[in-house]
Amino acid sequence: MPTREPAPNGVLDKRLGVSNKSDDCETCHQKLTDCVGHFGYSTNASPPVIIMSSSSRRRYIQLELPVFHIGYIKATIEILQNICKSCSRVLLGGDVRESFLRRMKDPTADALKKINTRKRISLLCKKVVRCPHCDAINGTVRKIASPTLKIIHEKFRAKSAHDMRTVFVAQFAQAQAANSDLTNALLSKAQEDLSPVVVQELFERIPDQ
C-alpha cells in the first residue's frame, strides 16, 4: 500500500514534529509520544521555505490563507452567533446593549460575573433574527465535520424567517424550471458557508464598542 510523505516545507514538515506513531522527528529524532514539536517560520520565497528557529522566541508558519484553530472553534462559533453576519455588530441594540456594555466594563466585576454576563448575551443574541443595526437576516451558526471541519450559517432556519425564506426561494424560479432537481425543499435548506476567510473579515470589522 503506498504511503503519503509530508511535503517538505509544508505544514506537516517532519522538522516541526511528526503526526503519526511510525515516523521520527527530523529535529530531535524522537517518536510522536516524546517529541514536543519545534517552531519554525517560513520565508517570503515562492514556494516558502521553512527555517527552524534556534532562539527561544516562538515563530510560526505564515499561511497563505487563514484556517480555523480547533482549540478556539467553540469560541469562534459563539462570537459568530453573537454578531451580525453582515455588519459584524453585536446583535443587541439600544438600552440592552448599553446595559451589557456597562456590566462588562465594570472594574469590580469578577471573572465569574463576566462569564455569566457573556452567557446572557449569547442567549439573547440567539433569539435575534433581524440585526437591529442593518436589518440583515441572521440565523443559527454551527459546525459540521463532513468531510472537513466547516462552520455554516443557517440563515432561514428560524420560524420567524419563513417569509424571508419564501422570498429567497422565489428568486430561483427560472432555475427550477430548467432543473427539476432544484426543489423548494432543497432551496429552503440553503446554508451560508462561513469559511476562515469570511470569518476573518467579519472579525476584523467588529467595532470596539
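Ser88 is buried, at a relative accessible area of 1% (buried means under 20% relative accessible area, exposed over 50% and partly exposed in between, with a 1.4 Å probe and protein chains only). Ser88 sits in the loop between α1 and α2. Although Ser88 is not a glycine, its phi is positive, at about 70 degrees.

This is a predicted model, in which local features need pLDDT of at least 70 and side-chain atom pairs count only at pLDDT 80 or more, while totals for chains, interfaces and linings use all residues. Residues are numbered from 1 along each chain as its sequence is written, and side-chain values use heavy atoms, with hydrogens and water left out.

His29, also not a glycine, has a positive phi of about 60 degrees. Most residues other than glycine have a negative phi. His29 belongs to the segment before β1 (40-42), and it counts as exposed because its relative accessibility is 60%.

## The chain as a whole

The protein chain contains 7 helices and 5 strands. Helices (H or I, at least four residues) and strands (E, at least two) are DSSP runs, numbered from the N terminus. Starting at the N terminus, the order of elements is β-β-α-α-α-β-β-α-α-α-β-α.

The chain has 209 residues, of which 26% count as buried. Among contacts with a separation of 6 or more, 45% are between residues 24 or more positions apart; contact means heavy atoms within 4.5 Å.

## Helices α2 and α3

Helix α2 (residues 94-105) packs against helix α3 (residues 111-126) at an angle of about 160 degrees, and their axes are 10 Å apart. Axes are lines fitted to C-alpha atoms, for helices over the stretch in contact, and angles run from 0 to 180 degrees between N-to-C directions. The two helices, α2 and α3, are therefore roughly antiparallel (angles under 35 degrees count as roughly parallel, over 145 as roughly antiparallel, 65 to 115 as roughly perpendicular and the rest as oblique).

On the α2 side, Val96, Phe100, Arg103 and Met104 meet Lys114, Thr117, Arg120, Ile121 and Leu124 of α3. By class, the residues of this contact of α2 with α3 are 5 nonpolar, 1 polar and 3 charged. Here Ala, Val, Leu, Ile, Met, Phe, Trp, Tyr, Cys and Pro count as nonpolar, Asp, Glu, Lys and Arg as charged, and the others, Gly among them, as polar.

## Helices α1 and α7

Helix α1 (residues 73-82) and helix α7 (residues 196-204) have axes 11 Å apart and pack at an angle of about 60 degrees. The pair α1 and α7 is therefore oblique. Thr76, Ile79 and Leu80 of α1 meet Val199, Leu202 and Phe203 of α7. The contact of α1 with α7 has 5 nonpolar residues, 1 polar residue and no charged ones.

His133 lies in the loop between α3 and β3 (140-145) and is partly exposed, with a relative accessible area of 30%. Apart from neighbours within four places in sequence, His133 contacts Cys87, Arg89, Val90, Leu92, Gly93 and Arg97. A polar atom of the His133 side chain is 3.1 Å from the backbone oxygen of Val90.

Glu154 is part of strand β4 (residues 149-154) and is buried, with a relative accessible area of 10%. Its side chain makes a polar contact with the side chain of Arg142 (3.0 Å). A polar contact is a pair of N or O atoms within 3.5 Å; within protein, one must be able to donate a hydrogen and the other to accept it, and residues adjacent in sequence count only if both atoms are side-chain atoms.
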